[in-house]
Amino acid sequence: MKNKKWTKFVAVVLSCMMILMMVAGCGSKSGGGDSEGNTLYIGGIGPLTGAAALYGNAVKNGAQLAVDEINAANPDGVQLVWDMQDDEHDAEKSVNAYNKLVDNGMQVLIGAVTTAPCTAVASEANANRTFALTPSASGPAVTEGNDNVFQLCFSDPNQGIASAEYIATNYPDAKVGVIYNNADNYSSGIYDKFKSEYEASGKQLAAVEAFSDDANADFTAQLNSLKNAGVDLIFLPIYYTPASNIMTQANKMGYDVTYFGVDGMDGILDLEGFDTSLAEGVLLLTPFTPYSEDEAVQNFVKAYEEKFNETPIQFAADAYDCVYAIYDAFGKTGLGTDASMEDICEAMIGVFTGDFTASGLTAEEMKWEASGEVNKTPKVCIIEDGKYVEK
Amino acid sequence: MAERKENKAGAKRLRNIFFGNEYKKEATISYGILIVGYILLQLGANAGLIGRNLQGQFVPICVYISLAISLNLVVGISGELSLGHAGFMSVGAFTGIIVTRMMEASMPSGNVRLFFAVLAGAITAAIAGIIIGIPILGLRGDYLAIVTLAFGEIVRNIMNVLYFGLDGKKLKFAFNHTIDGVEGNQRIITGAIGATGVTKTATFTTAMLLTLFTLFVVLNLKNSKHGRCIMAVRDNRIAGESIGINVKKYKLIAFVVSAALAGMAGAMFGQNYSTLAPLKFNFNTSVLILVFVVLGGIGNIWGGILAATLLTILPEALRQFADYRMLTYAVVLIVVMICTYNPTIRARAGMVWEKISPRKRRKKKAEEAADHDETGKEEM
Amino acid sequence: MNFLNSLISGLSLGSVYAIIALGYTMVYGISKMLNFAHGDVIMVGGYVSFCLTMYMGMNGWIALALAMAVCTLLGITIERLAYRPLRGTGSLAVLITAIGVSYFLQNSALLIWGANPRVFTSLFNGVDTIHAANGQLTITAESLFTIVANIVIMICLTLFVSRTKAGKAMRAVSEDNGAAQLMGINVNRSISMTFAIGSGLAAVAGVLMCSAYPVLMPTTGSMPGIKAFTAAVFGGIGSIPGAMIGGLILGLIEIMSRAYISTELSDAIVFACLIIVLLVKPTGLLGKKVNEKV
């Protein structure tokens, strides 16, 4: 009988909690993003916890820096509010985060950070008319059929094509192998295009190996088979974290090979504890390098390091540019900050598809297609003496 | 005086219909929670009292409730630990997406497409349940658990390399990156990227109907001859065998029904988002569903309903904690588990409940007499 | 030659799994619970050791010892605060609590160390890799040491549980909790000790794993944790030699299927092998068959 009383007690407590939470859910609607005064509420969505947390946190910090700068530079003008919500790199949670931001009174969206969640958010934002500029979700599905979603990074297919062209022309005799993450949207997206483009140039890939997020520690099997196939250039359409693992293990195996990475490789030099001499001679496509001589980049890197105690990766720079692009474009719409999310969306689409250009850390004169893609061209850099050198 | 007596008798009869025995009581409470919850939330949403954030969770909450109910069939009623429920969900979800994509051209009604998606999800998940269930149900306890875990991981790994596409009206699939004659947006499922461009057809009402259906199936199964056999086997396998119950058959029934229901819930889930990746159905999701079941009280169906609702809303309600959100979630989970299951705390809280419940106090004596009869039934 | 290379990587990965699996299997043996937070203790071990070597400039081996101490304490604390209140309430409640603890550890690590991954400096930094057969066969110091460490740990543990008084007490408790208590064995202490040993070993596994596969993130421990759990079941959960054999076989299957069958499906193959083994031997390779009494 004790059991029974207990279940009732628990039921009552649980129900009370539930009601409280629902009330809290409704109550917080009014909190947060009141457009008091001259403020524009910018929402962000990205993984702040879980396995992809580093990308979301970089975006959060990068955007925060831009927002602080803009607010400090012009205290009487439009003030920005930056609110980043966690999606745990999960489509379901990202839609929840989006809805939360709408509840909070979001006017413009930066995000989502990763492709799969961004695809889910994009269709919600499209139906609900929210203007979205994603700093880093590079999959083509993000913009497909959504006139309100724009990308600030170059798209996966673009990178695949650019890499294939570069390798085919500059390394015509190389035996090319690939290691890609088959459980990752970004990686398999680039690989697909790379393969078809490279084979279209009349060449064959010597070996292709895959791995998944669950098995991203041991690469000896993959490296052995590439080595046996005589591969002397490995194309790595993956992020720098597993790439550092690959380089370490290849080095231990005594496998000397050229690596060609894409923009996900950026960050490898700042990986704490990583022996950067292993990354010497790595080729990569990148829109941003923290070692650039460019003054804006230098200031950004300095401010970022001071504030967050780490070197910014490309995601942070992309987010920083996103904030400025949105700020500038919003100025061009001629709308006041009291405009509704829907009105801002239509006006921003007009600006972005017009002759609007934005310049920032990752590119000069960025221009957008109506499809949502940005016209950035991937640049090839090589790592020499622990620095990126443009090729 | 006579009238009053009649009223009393009527009330008693009513009470009997709804709360007459344990099964009736469970059914009344479970259906009650769902229906009242549905009405309240619909009213609240229409009146604009409920924010988008909560409204957006209506369908997933229904899906998770369905999953909790169906997993309860295996964990609570059949007494086996399953750690691969997300695998069945995955099978159902991707089948549902393929079916709706194939029907999109010929069938304009979203609800009809959704119905067939859910139906197809149930069928494929049931087949998966039979395939995995027949060989493994001879295993005991934690060994069965690990095999279901393995099953879930295998499904996810295979989905990571499976490609489906439409070539005209023909459905094609492949294990590599190119499907002959299928380009770009004719692709339905592209390996790890999963399905993109899904047209959303799930609504709160249809999701709730599915939940009610799941509840109906599970409660009726529980309250049938089959259900009693399943529970007899759970309570004592050898005793069950000795009175002629075919242990394997009944375990399989529970397992396959649970799988089919999970497939249906998965199909509903897949129809609620424009994209779906195999990564969603990983070990963590299986565990999450198990958490609903255990937190709600193993075998207690309406407890599972409450727990699924709460734990789905909880991470969203914790958003104000910002960076500490998931940490808080973990702490809440641990504390709630300890408070719910720790014997000392349970006993104390039972005493508190006795004091604050007025009806209990009034009927204390009567209840105490009844206790002796009921304890036998309660202790399962 | 490729086969030999794969064999060595397989044994080395398998040894890591085996050491983690020991923790699982001992805890399961004594308290019949699946401690899903074990994988995250590995991660904590890795981080502690990383911080000590990187920020305090300690020698890798001293850092390892300290990491072991920290993890041992952590293991005892977790057991005391989260698992002991639920003792005797059925394995499912503790299982869910363990999952809660796992979330807790991961998210604490995220808050303490941030989301940026770290690259672990190998214990054997500077030790040359052995190249044989014209450089075709490579044996890294990490894999060699991991394999040796695994064997040593296994032998020590087996001796410990069969020869020492504390070990015998642990066995008694795992055999029959109530009877052991009647014989004057301090059950609480035995269980704490099991957690302590398991968590200490987790630190060793963490350092060895990160030496070979150097990326360290808050989620680093979760997948090896699940794999090691599989390994423990593979070998027969509750059995110490079983954990070692299960771990080695699992590592070998994983690497071999990656080398010869498919890199994409290697995990599916591992889990499929597990199912087949359990169908043939329902209690794992070395598991005890418990006869049910009526």
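**Working through the chains**

Me: Where does A:Ala112 lie?

Reply: A:Ala112 sits in the loop of chain A between strand 3 and helix 4 (115–128). Helices (H or I, at least four residues) and strands (E, at least two) are DSSP runs, numbered from the N terminus.

Me: What is it that I'm looking at, and how is it numbered?

Reply: This is a predicted model, in which local features need pLDDT of at least 70 and side-chain atom pairs count only at pLDDT 80 or more, while totals for chains, interfaces and linings use all residues. Residues are numbered from 1 along each chain as its sequence is written, and chains are lettered from A and ligands numbered from 1 in the order in which they are written.

Me: How many bridges join strand 1 of chain A to strand 3 of chain A?

Reply: Four, between strand 1 (residues 39–46) and strand 3 (residues 108–111) of chain A, which run parallel. In strand 3 of chain A, A:Ile110 is the bridge partner of A:Gly44.

Me: What is the domain assignment of chain A?

Reply: Domain 1 covers 39–154 + 295–353 and domain 2 covers 157–286 of chain A; such bounds come from an automatic or database domain assignment. The C-alpha centres of the two domains of chain A lie 30 Å apart. Ten residues of domain 1 of chain A are in contact with twelve residues of domain 2 of chain A, where contact puts the C-beta atoms, placed from the backbone, within 7 Å.

Me: And chain B, what does its domain assignment give?

Reply: Domain 1 (1–50) and domain 2 (67–281). The C-alpha centres of these domains of chain B are 32 Å apart. Their contact takes seven residues from domain 1 of chain B and six residues from domain 2 of chain B.

Me: New topic. At what angle do helix 5 of chain B and helix 6 of chain B pack?

Reply: About 140°, with the axes of helix 5 (residues 85–103) and helix 6 (residues 110–136) of chain B 7 Å apart. The two helices of chain B are therefore oblique to each other; angles under 35 degrees count as roughly parallel, over 145 as roughly antiparallel, 65 to 115 as roughly perpendicular and the rest as oblique. Helix 5 of chain B passes helix 6 of chain B in a right-handed crossing. A crossing is left-handed if the near helix is turned anticlockwise from the far one by less than a right angle, and right-handed if clockwise.

Me: Which residues meet there?

Reply: Helix 5 of chain B gives residues including B:Phe88, B:Val91 and B:Met103, and they meet a set in helix 6 of chain B that includes B:Arg113, B:Phe116 and B:Gly129. By class, this contact of helix 5 with helix 6 of chain B has twelve nonpolar, seven polar and one charged residues. Ala, Val, Leu, Ile, Met, Phe, Trp, Tyr, Cys and Pro count as nonpolar, Asp, Glu, Lys and Arg as charged, and the others, Gly among them, as polar.

Me: In what sense do strand 1 and strand 2 of chain B pair?

Reply: Antiparallel, over five bridges, between strand 1 (residues 163–167) and strand 2 (residues 170–174) of chain B. B:Leu166 has B:Leu171 in strand 2 of chain B as its bridge partner. The hairpin of these strands of chain B has two residues between the strands, and B:Gly168 takes a positive phi near 65° there. Strand 1 of chain B also pairs with strand 3 (residues 187–190) of chain B, antiparallel over three bridges, and B:Tyr163 stands opposite B:Thr190 in strand 3 of chain B.

Me: Last one. How many residues of chain C are in contact with chain B?

Reply: 35 residues of chain C, with 35 residues of chain B. On the chain C side, the elements giving two or more residues are helix 4 (91–113), helix 9 (222–235) and helix 11 (266–280). Helix 4 of chain C provides the largest share of that side, twelve residues. The side of chain C that touches chain B divides into 25 nonpolar, seven polar and three charged residues.

How values were computed:
Two residues are in contact if their C-beta atoms, placed from the backbone, lie within 7 Å. Axes are lines fitted to C-alpha atoms, for helices over the stretch in contact, and angles run from 0 to 180 degrees between N-to-C directions. Two strands pair if DSSP finds at least two bridges between them.
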